[in-house]
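Dear colleague,

Please find below the structure that I am handing over to you.

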Amino acid sequence: MKDVSRSTASGGLTPADREALEGGPRIPETLRELITGFDPGQLDQVALQWQVAGEWQEQTYRALFDQVRDLSVALRALGIGPGDRVGLLSENRPEWLLGYLAVTAIGAATVNLDVFWSAREIAGVLVTAQPRLVCTSNAFVEKIAAAREQVPAIERVLLFDPNPERIPDPEAG
């Protein structure tokens, strides 16, 4: 089988790759094209699968795109826009992907934080990046709360899950 994963220096497919794919499924060349130029006939196909308590969950491309659009609108309503930075810290889960796609769709940049980093390492990256917003799961609330004390640029922390314990606001004393 021919390797069609090569790309040109500009990131596009080579002419040989295009020829090899002729007649096959259309492959988007950019993330934005994947979202905006998707074949409508495939919108009801499964885009994501994940397990919750041992049960497989599925999400279609239509639902994924709708959620990305809705989250993009919500981020804009929060004042996040092109050039802003948004921190993402979470285990592997659909909400991380939704956050990444929504942030990049509005022209903002993601600051991807590794779940294996210590609170000190996370704070170091956030101090340098100065994101206005951080999205995280409940598992990392304490690490983000500790880092937030050092990063006044963080205006808000959004949780992927409901959490009865709010993230402490450093200005609340």
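Which residues in α3 meet which residues in α4? In α3 they are L64, Q67, V68, L71, S72 and L75, and in α4 they are L98, G99, L101, A102, V103 and A105. Contact here means heavy atoms within 4.5 Å.

Some notes on the basis of these findings are needed. The model is a predicted one, in which local features need pLDDT of at least 70 and side-chain atom pairs count only at pLDDT 80 or more, while totals for chains, interfaces and linings use all residues. Residues are numbered from 1 along each chain as its sequence is written, and side-chain values use heavy atoms, with hydrogens and water left out.

Overall composition

The chain holds six helices and six strands. These are DSSP runs, numbered from the N terminus: helices are H or I with at least four residues, and strands are E with at least two. Along the sequence they follow the pattern α-α-β-β-α-β-α-β-α-β-α-β. The chain has 173 residues, of which 32% count as buried. Buried means under 20% relative accessible area, exposed means over 50%, and partly exposed lies in between (1.4 Å probe, protein chains only). Of the contacts between residues at least 6 apart in sequence, 49% join residues at least 24 apart.

The sheet

An open sheet is formed by four strands in the order β4-β3-β5-β6, with parallel pairing. Two strands pair if DSSP finds at least two bridges between them. Because β4 (109-112) and β6 each have a single partner strand, they stand at the edges, and one side of each is left without a neighbour in the sheet. From one strand to the next, the twist averages 25°.

The pairings may be taken in turn. Strand β3 (residues 85-89) is joined to β4 by four bridges, and G87 stands opposite V111 in β4. Four bridges also join β3 to β5, where C135 is the bridge partner of L88. Between β5 and strand β6 (residues 156-159) there are four bridges as well, and T136 stands opposite L159 in β6.

Strand β5 (residues 133-136) is covered on both faces: L133 and C135 are buried on one side, and V134 and T136 are buried on the other. Together with helix α6 (residues 141-148) and β6, strand β5 makes a right-handed β-α-β unit. Right-handed here means that, with the strands pointing away from the viewer, the path from the first strand over the helix to the second runs clockwise.

The helices

The pair in the opening question consists of helix α3 (residues 61-77) and helix α4 (residues 94-105), which pack at an angle of about 55° with their axes 8 Å apart. Axes are lines fitted to C-alpha atoms, for helices over the stretch in contact, and angles run from 0 to 180 degrees between N-to-C directions. The two helices are therefore oblique to each other; angles under 35 degrees count as roughly parallel, over 145 as roughly antiparallel, 65 to 115 as roughly perpendicular and the rest as oblique. Helix α3 passes α4 in a right-handed crossing. A crossing is right-handed if the near helix is turned clockwise from the far one by less than a right angle, and left-handed if anticlockwise.

Helix α5 (residues 119-129) and α6 have axes that come within 9 Å and cross at roughly 50°. That angle makes α5 oblique to α6. Residues A119, I122, A123 and L126 of α5 make the contact with K143, I144 and A147 of α6.

Individual residues

A108 is placed in the loop between α4 and β4 and is buried, with a relative accessible area of 7%. The C-alpha atoms of A108 and P82 are 4.5 Å apart, although the two residues are 26 apart in sequence.

W56, in strand β2 (residues 55-60), is exposed, with a relative accessible area of 58%. Neighbours within four places in sequence aside, W56 is in contact with Q49, W50 and Q51.

Most residues other than glycine have a negative phi. A53, in the loop between β1 (46-52) and β2, has a positive phi near 50°. Q130, in the loop between α5 and β5, has a positive phi near 55°. A53 is exposed, at 80% relative accessible area, whereas Q130 is partly exposed, at 26%.

With kind regards
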